[in-house]
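Me: I'm new to reading protein structures and I'd like to go through this one with you. Can we take it one question at a time?

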Amino acid sequence: MSAWVYVVTVLAVVANAGIAVADVAGARFVLANSAEVGVAAKWIPWLAALKGAGAAGLVLGLAGAGAVGVAAGAGLVLFFLGAVLAHVRARVLHNIAFPVAYLALACAALTAALVRV
């Protein structure tokens, strides 16, 4: 299997685990961004759990549970599609590059998971 499959998946795992930790830690930029797009602070731990579950699912996919990796990749794609839409709906476009980048990484991880299955 090509190295890109592993590289993309590991990047997606690190990015999603990192932002999940920032969410749980209540990082100032997370709270500010969430408020700006209209996401209540009480939702942040739940959103962090989804990101963490996606990262864990991608790891399981690398470990051989291909269907779990595909489900995790698909879940992350839907999650970050929702994040992009939240930015557009709230007309918060000055930092839309961040959810778009996470969405692109999730799409790449989903593609990699599908290649592994």
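Me: Which residues of α4 do L47, L50, K51, G54, A55, G57, L58, L60 and G61 in α3 meet?
Reply: Keep in mind that we're looking at a predicted model. Contact here means heavy atoms within 4.5 Å. On that basis, the α3 residues you list meet G66, V68, G69, A72, G73, L76, F79 and F80 in α4.

Me: At about what angle do α3 and α4 pack, and how far apart are their axes?
Reply: Two packed helices are described by the angle between their axes and the distance between the axes. The crossing of this pair is left-handed. For α3 and α4, the angle is about 145° and the axes are 7 Å apart.

Me: How are α1 and α3 oriented to each other?
Reply: Start with the geometry: α1 and α3 pack at an angle of about 155°, and their axes are 8 Å apart. Angles over 145 degrees count as roughly antiparallel. So α1 and α3 are roughly antiparallel to each other.

Me: What is the handedness of the crossing of α1 and α3, and which residues of α3 make the contact?
Reply: The crossing of α1 and α3 is left-handed. From α1, the contact is made by Y6, T9, V10, A12, V13, N16, A17, I19, A20, D23 and V24. On the α3 side, the residues are I44, L47, A48, K51, G52, A55, L58, V59 and L62.

Me: Which residues of α3 are buried, and what do they pack against?
Reply: Buried means under 20% relative accessible area. In α3, that picks out I44, A48, K51, G54, A55, G57, L58 and G61. These buried residues of α3 pack against α1, α2, α4 and α5.

Me: What span should helix α3 have, and how far apart are its end C-alpha atoms?
Reply: Helix α3 covers residues 44-62, which is 19 residues. At 1.5 Å a residue, they should span 27 Å. That agrees with the model, where the end C-alpha atoms of α3 are 27 Å apart.

Me: Is L47 buried or exposed, or something in between?
Reply: L47 sits in helix α3, and it touches D23, V39 and F79, leaving aside residues up to four places away in sequence. Its relative accessible area is 24%. Buried needs under 20% and exposed needs over 50%, so L47 is partly exposed.

Me: How about S34, buried or exposed?
Reply: S34 lies in helix α2. Not counting residues up to four places away in sequence, S34 touches V39 and I44. Its relative accessibility is 12%, so S34 counts as buried.

Me: And A71, buried or exposed?
Reply: A71 has its place in helix α4. The cut-off for exposed is over 50% relative accessible area. A71 has 51%, so it counts as exposed.

Me: Let's move on to the rings. What kind of aromatic pair do F79 and F80 form?
Reply: A search of the whole structure finds two aromatic pairs. In the pair of F79 and F80, the centres are 4.9 Å apart, with 75° between the planes. Planes over 60 degrees apart count as edge-to-face, so the pair of F79 and F80 is edge-to-face.

Me: What kind of pair do F80 and Y102 form?
Reply: The ring centres of F80 and Y102 are 5.1 Å apart, and the angle between the planes is 20°. Planes under 30 degrees apart count as stacked. So the pair of F80 and Y102 is stacked.

Me: How many residues apart in sequence are the parts that the F80 and Y102 pair ties together?
Reply: F80 lies in helix α4, residues 66-89. Y102 lies in helix α5, residues 97-116. The pair therefore ties together parts that are 22 residues apart in sequence.

Me: Which residues of α5 are buried, and which helices are included in what covers them?
Reply: The buried residues of α5 are P99, L103, A106, A109, L110, A112, A113 and R116. What covers them includes α1, α3 and α4.

Note on methods:
Residues numbered from 1 in each chain as written. Predicted model: local features only at pLDDT ≥ 70, side-chain atom pairs only at ≥ 80, totals over all residues. Heavy atoms only, no water. Phe/Tyr/Trp six-rings, centres within 6.5 Å; stacked < 30°, edge-to-face > 60°. Helix = DSSP H or I, 4+ residues; strand = E, 2+ residues; numbered from the N terminus. Expected span 1.5 Å × (residues − 1). Buried < 20%, exposed > 50% of the residue type's maximum accessible area, 1.4 Å probe, protein only. Axes fitted to C-alpha atoms, helices over the stretch in contact; angles between N-to-C directions. Parallel < 35°, antiparallel > 145°, perpendicular 65-115°, else oblique. Left-handed = near helix turned anticlockwise from the far one by under 90°.
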